[in-house]
Amino acid sequence: MSHTQTTPGKHHFAHHFKDAHHEFDSCKVGMWLFLLQEVLFFAPLFVAYSLFRSTHPEAFLEASHLLNWKLGAFNTAVLISSSFTMALGVNAAQRGLHRKTVKYLALTILFSIIFLIVKYFEYTHKIHAGLLPAGMFSHPVQHDKTPIFFSIYFMMTGLHGIHVLIGIGLIFWIMMRAKNEEFGPEYFTPVELVGLYWHFVDLVWIYLFPLLYLIR
Amino acid sequence: MNTHHHILSVKHCSIIFGTLLIFTLLTVAAAHMDFGYFNFPLAMLIATIKASLVVFYFMGLKFDSTENRVIFFSSFIFLAIFIVLISSDVLFRKADVYVPHNEIFNAKKFSSEEVPHD
C-alpha cells in the first residue's frame with residue numbers, strides 16, 4: 001500500500017496529496033465536475049430541440065425523414081464499439097498490460113475515425129442538397145419551419161463532432177504514454193479520465209440518434 | 001496496489017456491449033412501428049436504458065463514490081429545471097402574445113399615434 005515508486009519515468013503522486021489514492025480520487029472528482037459542466041454545455045441545444053419539436057412537430061417529422069437513419073444506426077454501432085474498446089483499454093491499463101492497452105486504444109481511434117468519415121459523407125450530402133441551417137436552407141420542403149430542424153441538427157452533431165475530434169487527440173496522447181509503459185495498477189489516472197470523457201461522447205450520441213434520425 | 005479500484009472485467013464489458021447493440025436494434029425496430037402517442041416516450045426509454053448502462057458500467061458510476069454520483073446526476077436536475085422553466089413560458093403563451101417582426105417595426109414608426117388598449 002505505501003511503497004513509493006521512484007523508478008525514473010514512473011509516476012509519483014504530487015506532493016500536496018496524501019497518497020496515490022488521494023490523488024486518483026481528487027482527479028476523478030474533477031473529471032465528474034467537468035462532465036457535469038459538459039451536460040449543461042449540451043443542455044441549451046436539447047432544450048431548443050424539445051421546444052421547437054413541441055411547437056412544430058410536423059416540420060421535425062418531415063426533416064427527420066430527410067436524414068438517412070441507416071447511416072445514423074451504423075454510426076451508433078460504431079460509437080458503441082469504440083466505447084467498448086475504450087473500456088477494454090482501461091481494463092488493460094489497470095492490469096498493467098501495456099501492449100493490450102495500446103491495441104485497444106488504437107482500435108478506439110479507428111472506430112472514431114470511421115464515425116467521422118460517415119459523418120463527412122452525411123454532411124457533404126446535406127450541403128449539396130441544400131439541407132443547411134435556416135438562412136442557408138435551399139431544399140424544397142412542405143413546412144416552412146423545417147429549416148429550424150437543420151439549424152439544430154448541425155449545431156448538435158457539430159458540437160458532438162468537435163468532441164469526437166478532441167477525444168481522438170486525447171486517446172492518441174494516452175496511447176503514446178501507454179506505449180512508454182507509463183500505466184499500470186499503480187497509476188492509470190489519465191486512461192481512466194479520458195475513458196470517462198469518451199463514454200460521455202458516446203452518451204450524447206445515444207440520445208442524438210433517436211432524437212434526430214428516428215422521429216415518426 | 002489500488003485494491004479499492006473496481007476493475008470492470010472483460011466479460012462484463014462484453015455483456016454491456018452486446019446489450020447496447022441489442023437495444024440499438026430495438027430502438028430502430030421501435031421507430032419502424034407505430035405506437036401512436038408512445039413513440040417518443042418509448043424511444044427515450046430505450047435511450048435512457050442504454051445511457052444508464054454506459055454511465056453505471058462503462059463509466060463505473062455504480063462502483064464509484066456517492067459524491068461522484070451526486071455530482072453527475074445533479075446535472076440532470078439542472079437540465080430538468082432548464083426545460084421546465086422555459087417550457088412553462090413558451091408552451092403557455094397566448095397566441096396573441098406573439099408579435100411578428102414587421103409589426104414591431106411598424107409600431108415603432110407610428111409610436112406617436114395612439115395605440116389602442118385592450
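Residues are numbered from 1 along each chain as its sequence is written, while chains are lettered from A and ligands numbered from 1 in the order in which they are written. Because the model is predicted, local features need pLDDT of at least 70 and side-chain atom pairs count only at pLDDT 80 or more, whereas totals for chains, interfaces and linings use all residues.

Then select residues 1–6 of chain A, where the pLDDT is below 50 and where the model has six contacts beyond near neighbours in sequence; two residues are in contact if their C-beta atoms, placed from the backbone, lie within 7 Å. Where pLDDT is low, the predicted coordinates should not be read in detail.

Next, show chain B, which has four helices and zero strands; helices (H or I, at least four residues) and strands (E, at least two) are DSSP runs, numbered from the N terminus. Of the 118 residues in chain B, 21% are buried, a residue being buried if 20 or more other C-beta atoms lie within 10 Å of its own, exposed if 12 or fewer, and partly exposed in between, with C-beta atoms placed from the backbone.

Now select the interface, in which 34 residues of chain A are in contact with 39 residues of chain B. On the chain A side, H1 (20–55), H3 (69–94) and H6 (189–213) each supply at least two residues, and H1(A) gives the most, with 13 residues.

Within that view, pick H3(A) and H1 (residues 10–31) of chain B, which pack at an angle of about 170° with their axes 10 Å apart; axes are lines fitted to C-alpha atoms, for helices over the stretch in contact, and angles run from 0 to 180 degrees between N-to-C directions. The two helices are therefore roughly antiparallel (angles over 145 degrees). Residues making the contact include A:Ile80, A:Phe84, B:Phe17 and B:Leu21.

Move on to A:Phe149 and A:Leu212, the residues with the most contacts inside the largest nonpolar core, which has 75 residues; such a core is a set of buried Ala, Val, Leu, Ile, Met, Phe, Trp, Tyr and Cys residues joined through C-beta atoms within 7 Å. H6(A) gives the most to this core, with 16 residues.

Finish at A:Glu181, in the loop between H5 (146–179) and H6 of chain A, which has a positive phi of about 60° although it is not a glycine.

Key:
pLDDT = per-residue confidence, 0-100. Parallel < 35°, antiparallel > 145°, perpendicular 65-115°, else oblique.
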